Amino acid sequence: MSYAVKEIFKTLQGEGAQSGRAAVFCRFSGCNLWSGREQDRASSVCSFCDTDFVGMDGTGGGRFADAAALVDAVEEAWGEGAHGRYIVLTGGEPLLQVDDALIEALHSRGFEIGVETNGTQAAPAGIDWICVSPKADAALHLTGGDELKLVYPQATARPEQFEHLDFTHFFLQPMDAPEAADNLAATIAYCTDTLDRSIQTESSRRIHGHSYRAEVTVRGRPDPVTGMVVDLGVLEQMIEDARDALDHRFLDEINDLGPATMENLSRWIWDRLHPVIANLHRVSVFRDSSGETCTFWGEEVAA
Ligand code: SF4
């Protein structure tokens, strides 16, 4: 079979879990979700495409008579060196053309093979890295792979529709459109909100990045000799030690903390201070980003 290719070029992968890796990109011509003609855009399944996949006139593009001819061109684009050879088969929709013969020919020349697909087509066996980017309400044929990369927002392709699928990595990619800044803000907000939901539904057992602030209160009468309720030098040192033990650490890995809830944090600080600070009255933990507070008053009051 022959292959229609828009362009072939070497670059660094700029998206997803393979970001930064040197790769030859082979962009196949044609897509099943849009003709590539502007007059068809509004009525197409995929209406936001920013890729030119029409024709075979790009750098290194053309009609290749068979798999060997195409892999010759890919090898030439890679240049010197057999180490770390990696190709990304993209499009358009590459799986309209990628077949067993091409996979075998690429592997025989030492290329690891990635594919970026809209997921609507079956994939030949042997592809090493499958990245699916669902589009609108186009039915998915590929429901598993290495990464799912969803352009966001799409009214008929919401992240919740795909989070149960069998992928190792999940990414949101802000839609590149005139509203790009709004889309970026919406993407960040969605990820932030989802992280909060995960913490609540999984008892805060995941590693996460909240910032906390703690407040320690002591109560009592001044010592008749020193005139102090508490030696502030000792108290400050105790607080500093507790802060050192928590700050910039994965809270889930602190053995005697338990699940990293605000309740456990306030109790944990109390337990560190109370053996030395007998006048300790309460420990409050604040998460300013959400306005939440938790106060621990010691065992007798809390019971
Ligand atoms: S599926 Fe991909 S290549 Fe096809 S129209 Fe949509 S964004 Fe463009």
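Select F48, in the loop between α1 (38-41) and β3 (62-64); helices (H or I, at least four residues) and strands (E, at least two) are DSSP runs, numbered from the N terminus. This is a predicted model, in which local features need pLDDT of at least 70 and side-chain atom pairs count only at pLDDT 80 or more, while totals for chains, interfaces and linings use all residues. Residue numbers start from 1 along each chain as its sequence is written.

**F48**

F48 counts as partly exposed because it has 14 C-beta neighbours inside 10 Å. The cut-offs are 20 or more other C-beta atoms within 10 Å for buried, 12 or fewer for exposed, and partly exposed in between, with C-beta atoms placed from the backbone. Show V151, M175 and A177 next: F48 is in contact with these, leaving aside its neighbours within four places in sequence. Two residues are in contact if their C-beta atoms, placed from the backbone, lie within 7 Å. For a distance check, pick K10, which is 38 residues from F48 along the chain, with 25 Å between the C-alpha atoms.

**The ligand shell**

Select the ligand and the residues around it: C31, L33, W34, C46, C49, T51, F53, G91, G92, E93, N118 and K135. The criterion for being near is a C-beta atom, placed from the backbone, within 6 Å. This shell divides into 6 nonpolar, 4 polar and 2 charged residues. Here Ala, Val, Leu, Ile, Met, Phe, Trp, Tyr, Cys and Pro count as nonpolar, Asp, Glu, Lys and Arg as charged, and the others, Gly among them, as polar.

Stay on G91 and G92, which are joined by a cis peptide bond with omega of about 15 degrees. G92 is in the loop between β4 and α3.

**Cores**

Now select C26, V74 and I87. These are the residues with the most contacts inside the largest nonpolar core, which has 36 residues. A nonpolar core is a set of buried Ala, Val, Leu, Ile, Met, Phe, Trp, Tyr and Cys residues joined through C-beta atoms within 7 Å. To see where this core draws its residues, colour the elements that give two or more to it: β1 (3-12), β2 (22-28), α2 (67-78), β4 (86-90), α3 (100-108), β5 (112-117), β6 (129-132) and β7 (144-152). Around I87, show A23, V24, C26, V74, L106, F111, I113 and G114, which I87 touches when residues up to four places away in sequence are not counted. A second, separate core has 14 residues, including V216, A242, L265 and I269.

**Two backbone stops**

Go to A136, in the loop between β6 and β7. Its phi is near 45 degrees, a positive value in a residue other than glycine. A136 has 16 other C-beta atoms within 10 Å, so it is partly exposed.

Then select Y152 and P153, where the peptide bond is cis with omega near 0 degrees. P153 lies in the loop between β7 and β8 (166-174).

In strand β8, select H169. With 13 other C-beta atoms within 10 Å, H169 is partly exposed. Show G16, A17, D146 and E147, the residues that H169 touches beyond four places in sequence. From H169, a line to S284 runs 37 Å, C-alpha to C-alpha, for a separation of 115 residues in sequence.

Move to T187 in helix α4 (residues 180-201). T187 counts as buried because it has 20 C-beta neighbours inside 10 Å. Apart from neighbours within four places in sequence, T187 is in contact with Y152, L172 and P174. M238 is 51 residues from T187 in sequence and 41 Å away in space, C-alpha to C-alpha.

**The whole chain**

Zoom out to the protein chain, which has 7 helices and 11 strands. Its radius of gyration, taken over C-alpha atoms, is 28 Å, well over the 19 Å that the globule rule (2.2 Å times the number of residues to the power 0.38) gives for 303 residues, so the chain is more spread out than a compact globule. The C-alpha trace spans about 95 × 45 × 30 Å along its principal axes. Of the 303 residues, 26% count as buried.

Finally, colour by pLDDT, the predictor's confidence in each residue, from 0 to 100. The mean for the protein chain is 90, and 92% of its residues reach 70 or more. Select residues 198-208, where pLDDT stays under 50 and the model has 13 contacts beyond four places in sequence.
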